[in-house]
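Trainee: Could you walk me through this model, feature by feature? I would like to learn how to read each one.

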Amino acid sequence: MKFNLYRASIAAIAIITSLTSLTASVKAQETQPLVPLELYWSSQREDNFVTATLEGKNSAEEAGYSYARTEACVFRKQKPGTVPLNLYWSAQRGDNFTTATSVGARSAKEARYTFARVEGYVFRQQQPGTVPLNLYWSAQRGDNFTTATSEGAASAKEAGYTFARVEGYVFPASQCQ
């Protein structure tokens, strides 16, 4: 009887410790100001998709997209001087379009994209330590490609994309916690 009580006590302590660790992990994620902006690629759709949310990551994986790299770090919550990084979707084109400018939002609406969600927040103006978040467009693929890395820019140019504009300013991928 004592042995079973002892084992039950140890099991209860293990469960409480696990729950405490999980709670601490969730709280740490909530307080992290910067989150990775991850690039996913669908060869079937020929679509580049950047996301900073768990919902975006899950939907990319469910749709058969492959993880390519972390493009940058964005804020999870809005800070002074930042604007929303909005995700739009076009079922007709099979294209995800991530933009932080009013020009981008207007273009998305005119092309009949639907608003999906806010992916994070980016600076409107360049700040110390930030890099441009650039938008490229491929008319051939009907694809918008938002990138902040030299690899992304080189891939875009190599695939025939044209530079559209700077969407905002983000921290390099190395700054994500």
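Trainee: Let me start with two cysteines: are C73 and C176 buried or exposed?

Mentor: Both C73 and C176 are buried. Buried means under 20% relative accessible area, exposed means over 50%, and partly exposed lies in between, with a 1.4 Å probe and protein chains only. Before we go on, note that this is a predicted model, where local features need pLDDT of at least 70 and side-chain atom pairs count only at pLDDT 80 or more, while totals for chains, interfaces and linings use all residues. Residues are numbered from 1 along each chain as its sequence is written, and side-chain values use heavy atoms, with hydrogens and water left out.

Trainee: Which residues does a disulfide join here?

Mentor: A disulfide is a pair of cysteine sulfur atoms within 2.5 Å. Here C73 is joined to C176, with an S to S distance of 1.9 Å; the structure holds 1 disulfide. C73 lies in strand β3 (residues 66–75) and C176 in the segment after β9 (162–172), so the bond ties together parts that are 103 residues apart in sequence. Helices (H or I, at least four residues) and strands (E, at least two) are DSSP runs, numbered from the N terminus.

Trainee: What is the handedness of the disulfide between C73 and C176?

Mentor: The disulfide is left-handed, because the torsion about its S-S bond is about -120 degrees.

Trainee: Now for aromatic rings. How many aromatic pairs are there?

Mentor: A pair of aromatic rings is described by the distance of the centres and the angle of the planes. Rings of Phe, Tyr and Trp (its six-membered ring) pair if their centres lie within 6.5 Å; planes under 30 degrees apart count as stacked, over 60 as edge-to-face and the rest as tilted. By this rule the count comes to 9 aromatic pairs. One of them is F75 with F171: the centres are 6.0 Å apart and the planes at 85 degrees, so the pair is edge-to-face. F75 is in strand β3 and F171 in strand β9, so this pair ties together parts 96 residues apart in sequence. F75 counts as buried at 11% relative accessibility, and F171 counts as buried at 17%. Another edge-to-face pair is Y136 with F163, at 5.7 Å centre to centre and 75 degrees between the planes. Y136 sits in strand β7 (residues 131–138) and F163 in strand β9, 27 residues apart. Y136 is buried at 4% relative accessibility, whereas F163 is partly exposed at 46%.

Trainee: Which residues do ring pairs link into a cluster?

Mentor: They are F75, F123 and F171.

Trainee: How do I read a helix? Which residues of α3 are buried?

Mentor: An α-helix has 3.6 residues a turn, so residues three or four places apart point the same way. In helix α3 (residues 102–110), the buried residues are G104, A105 and A108. Seen down the axis of α3, they fall within an arc of 100 degrees (taken from the directions from the helix axis to the C-beta atoms), so they line one face of the helix. The face turned away from that buried side carries the exposed residues S102 and E110. Among the elements covering the buried residues are β4, β5 (95–99) and β9.

Trainee: What about L85: where is it found?

Mentor: L85 is found in strand β4 (residues 82–90), and L85 is buried, with a relative accessible area of 0%. Contact means heavy atoms within 4.5 Å. Not counting residues up to four places away in sequence, L85 touches residues including L37, V74, T98 and L133.
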